Structures are given as C-alpha cells and as structure tokens.
Amino acid sequence: MYLWIKAIHIIFMVTWFAGLLYLPRQYVYHAMPENRPSYELFKVMERRLFAIMTIGAILTAIFGITMLIMGGGILFHSGWFHFKLLLIIALVAYHYACYKLMLTFRQDANTHDHKWYRWFNEAPSVLLIVIVILAVVKPF
C-alpha cells in the first residue's frame, strides 16, 4: 500500500509543480503592456490555474503526511529530510506569494514588470531540482 500512496503523492506533486511553473509564466505575459487587451482573460486563467495548483498542493501534503505516518516517523531522523521540509516550507511561501500576486493583478494594481516575473518564475525550478535530489539520493 505504501508504494501506491507514494505514487499518488508524486502525481499530485507534479500537478502542484505544473501550476507553480506555469502561473508565474502567465504573470510574465500579464505584465506586458502590449497584452493589455487580454488582461481580463489572464485573470480568469490565473484564477483557475491557482485553484488546480492549490488542490495539487493539498493532496501532495495529505499523501506525504500519510507516508510519514505509515513509515512510523523514521524519516525525521534524517538530515536530508529536514532540509527537504525546509524547502517545502519555501514552496508553500512561494505558493502564497503567487496568490498575493494574482490578487494584485485582479485589482489591476501590478507594480512589477515582465522581467521581474521572469526571475520570479525561476524559483520553483531550483526548488524542484534540489527536492528531487534530496528525496532520491538522500545525501546526508
């Protein structure tokens, strides 16, 4: 049963990351003045994508916690796991930042240019790489 829970955890993690990678990319286009005629469409797309990515995040957490319970908490004795948890907290903070930015766009109050969003869009990629390496290689 543990491997089924792990597979489902990974599936929802992919769903969550798809949103974390794509939503800020939408912000890049939403922040470009030449796309002004599409601003209302961006608002709808961003809201829907945020909902899907939030569901992915919640289900990732539920199945991750289920694995921890099934494993008897043995992972809490591993240094790599502590670092992974720290990075997951950073992901949740990034998710929340995406939410705040979505609200800013919804109110037509964005103050960042598309170049800022291009840099903002890189954070989940870096976190994904490090989290996967930690979970697979377990370096410490």
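Predicted model: local features only at pLDDT ≥ 70, side-chain atom pairs only at ≥ 80, totals over all residues.
Some ground rules. Local features need pLDDT of at least 70 and side-chain atom pairs count only at pLDDT 80 or more, while totals for chains, interfaces and linings use all residues. Residues are numbered from 1 along each chain as its sequence is written, and side-chain values use heavy atoms, with hydrogens and water left out.

I start with helix H2. Helices here are DSSP runs of H or I with at least four residues, numbered from the N terminus. H2 has 32 residues and spans 46 Å from its first C-alpha to its last, close to the expected 46 Å. The expected span is 1.5 Å times one less than the number of residues. After H2 comes glycine 72, with a positive phi near 70°.

Threonine 60 sits in H2. Is threonine 60 buried or exposed? Threonine 60 is buried, at 6% relative accessibility. Buried means under 20% relative accessible area, exposed means over 50%, and partly exposed is in between, with a 1.4 Å probe and protein chains only. Setting aside neighbours within four places in sequence, threonine 60 touches His9, Phe12, Met13 and Trp16. Contact means heavy atoms within 4.5 Å.

Next, the core. A nonpolar core is a set of buried Ala, Val, Leu, Ile, Met, Phe, Trp, Tyr and Cys residues joined through side-chain atoms within 4.5 Å. The largest one has 27 residues, and those with the most contacts inside it include Leu20, Met53, Cys98 and Tyr117. H1, H2, H3, H4 (114–120) and H5 (123–137) each give two or more residues to this core. Which helix gives the largest share of this core? That is H3, with nine residues. As for cysteine 98, leaving out neighbours within four places in sequence, its contacts are Leu23, Pro24, Tyr27, Met53 and Phe120.

H3 also holds isoleucine 89, which is exposed at 56% relative accessible area.

Now the aromatic rings. Rings of Phe, Tyr and Trp (for Trp, the six-membered ring) pair if their centres lie within 6.5 Å; planes under 30 degrees apart are stacked, over 60 edge-to-face, and the rest tilted. The count by this rule is 13 aromatic pairs. One of them is phenylalanine 12 with phenylalanine 63, stacked, at 6.0 Å centre to centre and 10° between planes. Phenylalanine 12 is in H1 (residues 2–30) and phenylalanine 63 in H2 (residues 39–70), so this pair ties together parts 51 residues apart in sequence. Phenylalanine 12 is partly exposed at 22%, whereas phenylalanine 63 is buried at 18%. Separately, Tyr27, Tyr94, Phe105, Trp116, Tyr117 and Phe120 make up one aromatic cluster.

Last, the charges. A salt bridge is a side-chain nitrogen of Lys or Arg within 4 Å of a carboxyl oxygen of Asp or Glu. How many salt bridges does the structure hold? It holds two. Glutamate 40 bridges to lysine 43, with the closest N and O atoms 3.0 Å apart; both lie in H2, three residues apart, about one turn of the helix. Lysine 43 also meets aspartate 108, at 2.9 Å from N to O. Lysine 43 is in H2 and aspartate 108 in the loop between H3 and H4, so that pair ties together parts 65 residues apart in sequence. Lysine 43 is buried at 11%, while aspartate 108 is exposed at 55%. Through shared partners, Glu40, Lys43 and Asp108 form one network.
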